[in-house]
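Hi everyone, thanks for coming. Let me put the sequence and the model up, and then we can walk through a few places together.

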Amino acid sequence: MDGIYTSEGVVDKNALWLKYRFWVRREALNLQVKLPASVELDDLIQAGAVGLLNAIDNYDPKKGIALSTYISQRVRWALIDELRERDWVPRRVRSNSRRLSTAIQRIEQESGHPASEAEVAQALDVSLAEYQSMLAENNNSMIYSLDELQEEFGDSFEQPDSHHEALNPLNEALFSRLAAHISREIKNLPEREQTLLNLYYQQELNMKEVGYILSITETRVSQLHSQAIKRLRARLDLHK
């Protein structure tokens with residue numbers, strides 16, 4: 001927290017901006033690689049900058065929330081809001097995303113084991129190649145990540161818009177509990193999907209690097225990432 005207060009003991013907003021503005025570009029770049037080329041980096045950076053400024057204006061250290069956590073959440077939510085307002089995801093893709101999760105959920109409930117790609121393809125009445133194409137298409141156009149799953153399934157959380165008050169310790173505790181739930185579900189994923197998520201989210205490798213480590217193509221990484229997220233979504237749906 002050093003360097004963010006003025007001599008009068010008030011939070012120095014200019015110091016906060018200078019210290020955390022690089023987060024905006026980093027988060028925008030991390031998100032852009034998962035989006036269609038039509039989504040401009042400058043638009044994402046602008047939306048993230050607004051989120052950062054709002055976070056700086058609303059941050060209250062007396063709330064007991066870590067500054068880095070608060071700013072990170074606000075910047076990410078601002079980026080997600082920007083994409084939602086654009087509504088650029090085709091209706092067909094959104095529909096397929098839900099169909100995939102529903103099929104996986106049904107198969108795993110009935111069989112008691114992780115749904116294989118062949119089983120899901122059969123349930124959807126499409127070929128394995130068509131199913132994998134649907135996975136890649138969803139992964140390339142979706143904004144879902146582990147952070148988004150936490151937001152979507154955290155019904156008790158505050159939602160990311162300007163009408164809500166700052167995060168409070170209760171929301172922080174609820175978020176931590178849901179994060180622990182997602183972590184438990186990840187441990188029940190097939191081993192390769194667990195490894196992929198670890199490399200992508202924890203080690204922060206890109207999909208090309210993940211593919212190199214797993215000895216699979218970048219396209220295959222995209223498919224498996226999409227399937228892992230949909231498997232998590234299906235399992236979280238059961239506990240909503």
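Here is a question to start with: which residue follows α10, and is its phi positive or negative? Have a look while I say that this is a predicted model.

The residue is Ser 215, and its phi is positive, near 60°. Most residues other than glycine have a negative phi. Ser 215 is not a glycine, and yet its phi is positive. You will find Ser 215 in the loop between α10 and α11. Its relative accessibility is 66%, so Ser 215 counts as exposed.

There is a second place like this to look at. Asp 125 is not a glycine either, but it has a positive phi of about 60°. Asp 125 lies in the loop between α5, residues 117–124, and α6, residues 128–141. With a relative accessible area of 71%, Asp 125 is exposed.

Now back to α10 itself, which covers residues 207–214. Which of its residues are buried? They are Met 207, Val 210, Gly 211 and Leu 214. If you look down the axis of α10, these buried residues fall within an arc of 100°, so they line one face of the helix. On the face turned away from that buried side, you can see the exposed residues Lys 208 and Tyr 212. At the start of α10, a side-chain oxygen of Asn 206 comes to within 3.1 Å of the backbone nitrogen of Lys 208.

Let's move on to α11, residues 218–237, where we find Ser 226. Is Ser 226 buried or exposed? Ser 226 is buried, because its relative accessible area is 0%. What does its side chain reach? The side chain of Ser 226 reaches the backbone oxygen of Leu 135, at 3.1 Å.

Next, please turn to the aromatic rings. The structure holds 2 aromatic pairs. In one of them, the ring centres of Tyr 20 and Trp 23 are 5.1 Å apart and the planes stand at 90°, so this pair is edge-to-face. Phe 22 and Trp 23 also form an edge-to-face pair, with 6.2 Å from centre to centre and 90° between the planes. Through these ring pairs, Tyr 20, Phe 22 and Trp 23 are linked into a cluster. Tyr 20 and Trp 23 sit 3 residues apart in helix α1, residues 13–32, so about one helical turn separates them.

How accessible are these rings' residues? Trp 23 is buried, with a relative accessible area of 13%, and Tyr 20 is buried too. Phe 22 has 48% relative accessibility, so it counts as partly exposed.

Leaving out residues up to four places away in sequence, Tyr 20 touches Leu 52, Leu 67 and Ile 71.

Methods. Residues are numbered from 1 along each chain as its sequence is written. This is a predicted model: local features need pLDDT of at least 70, side-chain atom pairs count only at pLDDT 80 or more; totals for chains, interfaces and linings use all residues. Side-chain values use heavy atoms; hydrogens and water are left out. Buried means under 20% relative accessible area, exposed over 50%, partly exposed in between (1.4 Å probe, protein chains only). Helices (H or I, at least four residues) and strands (E, at least two) are DSSP runs, numbered from the N terminus. The arc is that of the directions from the helix axis to the C-beta atoms. A polar contact is a pair of N or O atoms within 3.5 Å; within protein, one must be able to donate a hydrogen and the other to accept it, and residues adjacent in sequence count only if both atoms are side-chain atoms. Rings of Phe, Tyr and Trp (its six-membered ring) pair if their centres lie within 6.5 Å; planes under 30 degrees apart count as stacked, over 60 as edge-to-face and the rest as tilted. Contact means heavy atoms within 4.5 Å.
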